[in-house]
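Thank you for asking me to look over this entry. My remarks are set out as numbered points for discussion.

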Amino acid sequence: MTGRTDYLSDEELKLLIEECEKDPVPAAPDVTETVLERIHAAPPKRGPSRGGYALYCARVWLAVAASVAFLMFVPIMDRMPTREEYLSRTEVPDREEVLIRQGTDWYYETVNSLKQKVIMIFEKTEVTQ
């Protein structure tokens with residue numbers, strides 16, 4: 001296969017369409033009867049879909065929870081701190097200190113430090129009524 005496709009010109013395409021329309025292929029006789037029977041038949045009875053409704057309810061509750069959480073954190077995020085402000089509030093170790101500290105507990109210490117920062121954020125949030 002060469003990968004090249006030669007397209008028909010406009011005239012050749014019109015001729016092909018005219019030839020196809022002159023001699024249409026008739027449908028099988030039983031196809032028409034089968035289609036008409038299915039159209040006139042009563043639709044199958046279905047009960048309400050419990051799974052679809054439960055999924056819809058779950059989506060609505062998740063949307064409500066997300067919007068409430070967003071409204072709780074909007075007052076905190078009035079202005080993002082600059083890099084200098086953030087670094088002045090936190091302790092940033094030097095490269096040598098980090099390399100010395102990497103013992104067996106470095107992962108635990110890192111996770112614990114992040115946990116403490118998250119707790120501090122939640123303690124500073126105000127509940128608005």
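This is a predicted model: local features need pLDDT of at least 70, side-chain atom pairs count only at pLDDT 80 or more; totals for chains, interfaces and linings use all residues.

1. Residues are numbered from 1 along each chain as its sequence is written, and side-chain values use heavy atoms, with hydrogens and water left out.

2. The chain has 6 helices and 0 strands, running α-α-α-α-α-α from the N terminus; helices (H or I, at least four residues) and strands (E, at least two) are DSSP runs, numbered from the N terminus.

3. Of the 129 residues, 0% count as buried, where buried means under 20% relative accessible area, exposed over 50%, and partly exposed in between (1.4 Å probe, protein chains only). The accessible surface comes to about 13300 Å², with 61% belonging to carbon and sulfur atoms; areas come from the Shrake-Rupley method with a 1.4 Å probe, and for residues only the protein chains shown count as cover.

4. Helix 1 (residues 10-22) has 13 residues that should span 18 Å at 1.5 Å a residue, and its end C-alpha atoms are 19 Å apart, which agrees. The expected span is 1.5 Å times one less than the number of residues. The count of buried residues in helix 1 is 0.

5. Helix 2 (residues 29-40), with 12 residues, reaches 18 Å from its first C-alpha to its last, close to the 16 Å expected, and its count of buried residues is likewise 0.

6. Tyr53, Tyr56, Val60, Trp61, Val64, Val68 and Met72 make a nonpolar surface patch of about 760 Å². Patches are made of residues with over 30% relative accessible area and no salt bridge, joining like charges within 9 Å and nonpolar side chains (Val, Leu, Ile, Met, Phe, Trp, Tyr) within 5 Å; a salt bridge is a side-chain nitrogen of Lys or Arg within 4 Å of a carboxyl oxygen of Asp or Glu. Met72 lies in helix 3 (residues 50-73) and is partly exposed, at 48% relative accessible area.
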